[in-house]
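This report is meant for someone meeting the structure for the first time.

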Amino acid sequence: MTLAIEVSGLEKSFGEVQALRGIDFTVEQGTVLGLLGPNGSGKTTIVRILATLLKSDAGTAKVGGIDVSSSPDQVRTMIGLTGQYAAVDEYLTGRENLQLFGQLFHLSKKQAAQRADELLARFGLSDAGDRGIKGYSGGMRRRLDLAASLIGRPSVLFLDEPTTGLDPRSRLGMWEVIDSLVAQGTTVLLTTQYLEEADQLASRSVVLDHGTVIAQGTSDELKSQVGGDRVEVVVETPSQLSQAKGVLASIASGEININETEHRVIVPTSGGSRAVVEVVRLLDDAQIAIADIALRRPTLDDVFLSLTGRSAEDEPSVTPPSKQRSRRGARA
Amino acid sequence: MSISETEVKFRPTFGWLIYDTITVAKRHILKITRVPETLFFALIQPVIFVLLFAFVFGGAINLGDSGGAGAYREYLIPGIFAQTVIFAVASITVGITEDANRGIMDRFRSLPMRPGAVLGGHTLASLFQNILVIIILSITGLFVGWRIRSSVVDALLGYLLLATFAYAMTWFGAWIGLHMPSPEVAGTAGFAWVFPLTFASNVFTPIATMPTWLQPIALWNPVSCLALACRKLFGNPIPFPGNSFPERYAVPMAFAYALILLAIFAPLAVRAFKTRNIGGLKA
């Protein structure tokens with residue numbers, strides 16, 4: 001197993017705000033790691049340190065086995081970075097942008113032009129390549145931005161909230177591109193606030209909160225921390241709620257919960273979709289009419305909720321450090 | 001999939017610094033051709049000042065024995081050159097802050113290019129723009145009655161001085177830009193200091209007509225030195241000639257001011273570029 005990224009004991013403060021309080025994680029080559037957490041949890045700070053944009057206060061960070069603070073130049077030949085903003089030049093065309101970054105990557109003029117053509121074609125921008133970026137849609141800009149970060153054929157790619165602000169279709173397009181990169185062996189470190197995105201793309205995730213790692217593992221491992229699947233049934237007749245609970249007790253893997261207002265019975269189960277069939281059969285036998293039934297798998301949002309007691313999509317809770325962070329406008 | 005050695009040639013050499021600087025400069029020069037308004041707005045202010053002072057205020061300004069309206073226009077143009085060169089700070093300050101806020105600076109900084117080249121290229125392109133502006137202003141000056149009355153060598157030295165000063169100011173502007181939180185702030189606070197600096201100088205009016213407490217400040221003001229040096233080098237009127245140190249040595253002092261600015265702010269700007277959390281400051 002080769003490690004593409006190794007982070008240990010990483011610390012960083014901005015003034016009095018401790019953005020990172022000792023971060024440890026590793027990423028295997030050719031896999032995707034999701035860095036998950038709300039605003040101000042330290043995701044972007046980690047990416048900026050790994051991408052040689054920021055020096056850490058303590059700890060080490062290595063990319064491809066090379067220390068980012070002692071040999072940043074060597075690290076820069078291996079990495080690609082796509083930030084939260086489409087970092088392309090407004091006044092140049094798509095092709096000119098890619099050629100510019102290619103030349104700054106020290107490709108020859110001819111190679112830079114060739115690479116620009118390749119990338120434009122790959123990202124469906126060939127027709128728009130000679131138009132100014134000003135006329136590009138948000139999705140096109142992001143694609144061009146991602147293309148620009150691939151100029152040097154990076155073995156490690158940092159994607160800082162790559163789909164923030166994109167419409168669902170563009171987001172799916174982005175996911176496909178990222179999948180295909182990983183299939184070709186690129187290591188990806190992805191930060192996101194969308195739990196669904198980490199679920200979709202990342203083989204492993206690191207959950208951050210206030211600059212510390214609060215959980216890490218595969219999606220399944222994280223989900224098992226909040227329990228397994230649940231079958232949720234809405235009954236037609238509210239008076240049958242407790243009867244339903246009794247009937248279903250035999251197949252539940254844990255305590256059955258009842259939501260009176262929604263007429264909902266929540267049955268923890270380990271049986272997957274077969275459990276749904278079982279639930280239907282049991283309720284039918286007991287002549288309890290079903291208004292709605294669904295198998296619900298825990299999302300990473302549930303994970304975050306159970307780990308921190310609040311939803312990841314909430315603003316950071318009202319602790320002084322995060323308030324200060326948002327006032328300073330620092331994106332930690 | 002790693003980068004093949006033949007494709008990416010990373011060598012930490014001076015050659016790459018030059019190559020990267022020129023590549024970045026080309027980007028900015030291309031931008032001037034794409035958005036010619038940039039040049040237009042860089043010109044409109046000095047041209048308005050020329051017209052305003054040549055035809056509106058000029059008649060009311062006392063040049064002592066140096067004569068009437070024609071003399072004032074010859075006096076004014078080198079002052080406008082100096083003011084324009086000081087204002088060179090503005091567009092680069094905003095440009096740098098824009099790049100930082102749009103994440104382009106991040107992209108540059110994550111590339112295996114030479115760090116000095118990003119600012120080097122930007123300032124080089126800015127110098128190019130300023131030279132264009134000075135040329136167009138010189139032609140405008142000829143229309144309102146300004147003339148070069150010195151030798152070719154002196155005149156060339158005058159333009160060299162303006163270019164050197166402009167270049168130093170762009171590095172100063174780059175340094176300011178790297179410390180500004182947003183282009184909006186850079187557009188106002190970034191160069192608000194330019195106005196008092198150019199007005200408390202001999203750009204528009206002779207220092208001898210100012211209150212006595214202001215005179216030494218205006219006399220040592222680098223902008224005054226630059227304007228006076230230009231007047232000397234272009235052979236234009238120098239009213240109320242004095243014999244103080246900055247008046248006698250205006251030309252070497254102006255060069256010295258420019259080189260000192262450059263020696264201080266070029267390394268400071270490159271250092272800020274390398275170490276500051278640029279772009280990480282934004283919301």
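Which domains does the domain assignment of chain A give? Chain A is assigned domain 1 (3–223) and domain 2 (228–296), with bounds that come from an automatic or database domain assignment.

## Basis of the description

This is a predicted model, in which local features need pLDDT of at least 70 and side-chain atom pairs count only at pLDDT 80 or more, while totals for chains, interfaces and linings use all residues. Residues are numbered from 1 along each chain as its sequence is written, and chains are lettered from A and ligands numbered from 1 in the order in which they are written.

## Chain A as a whole

The C-alpha centres of domain 1 of chain A and domain 2 of chain A lie 43 Å apart, and the C-alpha trace of chain A spans about 75 × 50 × 40 Å along its principal axes. Chain A has twelve helices and 14 strands, where helices (H or I, at least four residues) and strands (E, at least two) are DSSP runs numbered from the N terminus.

Of the 332 residues in chain A, 46% are buried; a residue is buried if 20 or more other C-beta atoms lie within 10 Å of its own, exposed if 12 or fewer, and partly exposed in between, with C-beta atoms placed from the backbone.

Helix α3 (residues 94–104) of chain A is mostly covered, since eleven of its eleven residues are buried. The cover includes α4 (109–122) and α5 (138–149) of chain A together with α1 (14–34) and α4 (104–109) of chain B. Contact here is judged by C-beta atoms, placed from the backbone, that lie within 7 Å.

Most residues other than glycine have a negative phi. His106(A), however, has a positive phi of about 70° although it is not a glycine; His106(A) sits in the loop between α3 and α4 of chain A and is buried, with 23 other C-beta atoms within 10 Å. Arg153(A), also not a glycine, has a positive phi near 45°. Arg153(A) is found in the loop between α5 and β7 (156–160) of chain A, and is partly exposed, with 18 other C-beta atoms within 10 Å.

## The nonpolar cores

A nonpolar core is a set of buried Ala, Val, Leu, Ile, Met, Phe, Trp, Tyr and Cys residues joined through C-beta atoms within 7 Å. The largest has 104 residues, of which Val85(B), Phe165(B), Leu226(B), Cys230(B), Ala254(B) and Ala269(B) touch the most other members. Helix α3 (residues 69–101) of chain B gives the most to this core, with 17 residues. Apart from this core lies another, of 48 residues, among them Met78(A), Leu195(A), Leu201(A) and Ala202(A).

## Helix packing in chain B

Helix α6 (residues 152–177) and helix α10 (residues 222–234) of chain B pack at an angle of about 160°, with their axes 8 Å apart; axes are lines fitted to C-alpha atoms, for helices over the stretch in contact, and angles run from 0 to 180 degrees between N-to-C directions. The helices α6(B) and α10(B) are therefore roughly antiparallel to each other, as angles over 145 degrees count as roughly antiparallel and those under 35 as roughly parallel. Residues of α6(B) including Leu162(B) and Phe165(B) meet residues of α10(B) including Leu226(B) and Cys230(B).

Helix α2 (residues 37–57) and helix α5 (residues 115–144) of chain B pack at an angle of about 30°, with their axes 10 Å apart, and α2(B) and α5(B) are therefore roughly parallel to each other.

Methods: Angles under 35 degrees count as roughly parallel, over 145 as roughly antiparallel, 65 to 115 as roughly perpendicular and the rest as oblique. Two residues are in contact if their C-beta atoms, placed from the backbone, lie within 7 Å.
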